[in-house]
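The sequence and the model come first.

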Amino acid sequence: IIVIGLAFYATSQVIPVFIGLFMALVFTSILQPMVNLFARIMPRYPATFLALLTTIGAIAGLVTYVVASVTSQWNSLASQFSDGLDTIMDFLEHGPLHLTQQQVYHQLQVWLRQGQHYLQSNAPSLASEVVSNASAVLTVLALALFVTIFFLASGGKMWRWFLNELPATMRESTHRAAGAGWYTFAGYARGTVLVALTDAVMAGVFLQLVGIPLAAPLAVLVFIGAFIPIIGAPLAMLVAMVVALASGGFVTMIVVGVGVAGIGQIEGHILQPMIMGRQVSLHPVVVIIGVALGTYAAGLL
């Protein structure tokens with residue numbers, strides 16, 4: 001307990017460095033199969049850079065597709081959202097809440113004034129905090145990318161050097177333990193990406209069939225939400241339901257909510273046991289309890 005406590009204390013003193021190294025390990029575990037594939041026909045370093053460029057190109061292509069889809073549907077979306085806002089206002093006025101338009105507009109104006117007052121009162125501190133946070137994020141990402149390149153290109157040599165620094169009697173057991181740990185860590189990271197990708201594809205197809213605008217961006221949001229424990233999936237579902245309400249009405253919102261929740265059930269009862277159970281040999285209940293404990297004890301990150 002003392003050793004584990006000291007390890008946590010030491011980590012808490014260098015959190016940005018720890019986050020950068022952790023991200024590097026995640027990137028390494030995800031990109032390692034691609035680098036190994038490219039390394040069959042070229043040296044390791046060119047294979048590493050080719051894998052990174054391929055991944056960056058895929059992400060850029062995805063972002064371009066989302067932007068293009070939003071741009072191409074913008075005129076029809078503006079009309080649909082205008083009608084949808086009228087639908088929402090009608091629901092608020094004649095639904096169970098019985099709110100008049102004057103009450104809604106008054107509350108919105110109150111929130112707007114409160115937001116303006118908060119920004120005016122805290123503008124200097126907010127600006128400095130944004131700048132410092134942006135600098136810290138860029139530093140962490142740069143560290144993660146730099147370390148990822150060397151982990152992918154020469155990680156084996158680095159590990160052998162580390163083993164050679166240990167007493168000879170400890171090398172074999174340390175290598176076996178670290179190998180098992182890396183297999184589990186990499187399996188969880190790859191499994192999470194695979195589950196998130198499957199969720200996004202199913203959500204995109206479902207939203208397209210229902211006729212919801214912005215199906216592709218919403219599918220990307222579902223993909224991102226799968227990486228955020230506890231709140232990611234509900235937040236993605238809430239945004240999809242709001243878009244459905246604004247574009248198709250209350251019934252469409254219910255259909256989208258039920259459909260996205262059904263996709264979550266498929267993930268929890270089929271995908272997670274199939275993928276995570278095979279990768280990390282842990283029951284999904286153990287995984288979600290571990291993630292929940294970590295989230296509540298150490299924060300969302």
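Leu-25 is 126 residues away from Phe-151 along the chain, yet their C-alpha atoms are separated by 8.0 Å.

## Basis of the values

The model is predicted, so local features need pLDDT of at least 70 and side-chain atom pairs count only at pLDDT 80 or more, while totals for chains, interfaces and linings use all residues. Residues are numbered from 1 along each chain as its sequence is written, and side-chain values use heavy atoms, with hydrogens and water left out.

## Overall make-up

The protein chain has 10 helices and zero strands. Of its 301 residues, 27% are buried.

Helix H1 (residues 2-13) reaches 17 Å between its first and last C-alpha atoms, close to the expected 16 Å. The expected span is 1.5 Å times one less than the number of residues. H1 lies largely in the open, because zero of its 12 residues are buried.

Buried residues of H2 include Ile-19, Ala-24, Leu-31 and Phe-38.

## Nonpolar cores

A nonpolar core is a set of buried Ala, Val, Leu, Ile, Met, Phe, Trp, Tyr and Cys residues joined through side-chain atoms within 4.5 Å. The largest one has 12 residues, among them Leu-207, Ile-212, Leu-218, Met-241 and Val-260. Helices H7 (215-225), H8 (232-248) and H9 (250-280) each supply at least two residues of this core, and H8 gives the most, with five. Another core, of eight residues, lies apart from it and includes Leu-31, Val-35, Ala-51 and Ile-149.

## Nonpolar surface patch

Tyr-45, Phe-49, Phe-146, Phe-150 and Met-158 make a nonpolar surface patch of about 480 Å². Patch residues have over 30% relative accessible area and no salt bridge; like charges are joined within 9 Å and nonpolar side chains (Val, Leu, Ile, Met, Phe, Trp, Tyr) within 5 Å. Areas come from the Shrake-Rupley method with a 1.4 Å probe, and for residues only the protein chains shown count as cover.

H3 (44-72) and H5 (101-164) each supply at least two residues of the patch, the largest share being the three from H5. Tyr-45 is placed in H3 and is partly exposed, at 37% relative accessible area.

## Salt bridge

The structure holds one salt bridge, defined as a side-chain nitrogen of Lys or Arg within 4 Å of a carboxyl oxygen of Asp or Glu. Glu-172 and Arg-176 form it, with their closest N and O atoms 3.2 Å apart. Both residues lie in helix H6 (residues 168-210), four residues apart, or about one turn of the helix. An α-helix has 3.6 residues a turn, so residues three or four places apart point the same way. Glu-172 is exposed at 57% relative accessible area, and Arg-176 is exposed at 53%.

Terms used. Buried < 20%, exposed > 50% of the residue type's maximum accessible area, 1.4 Å probe, protein only.
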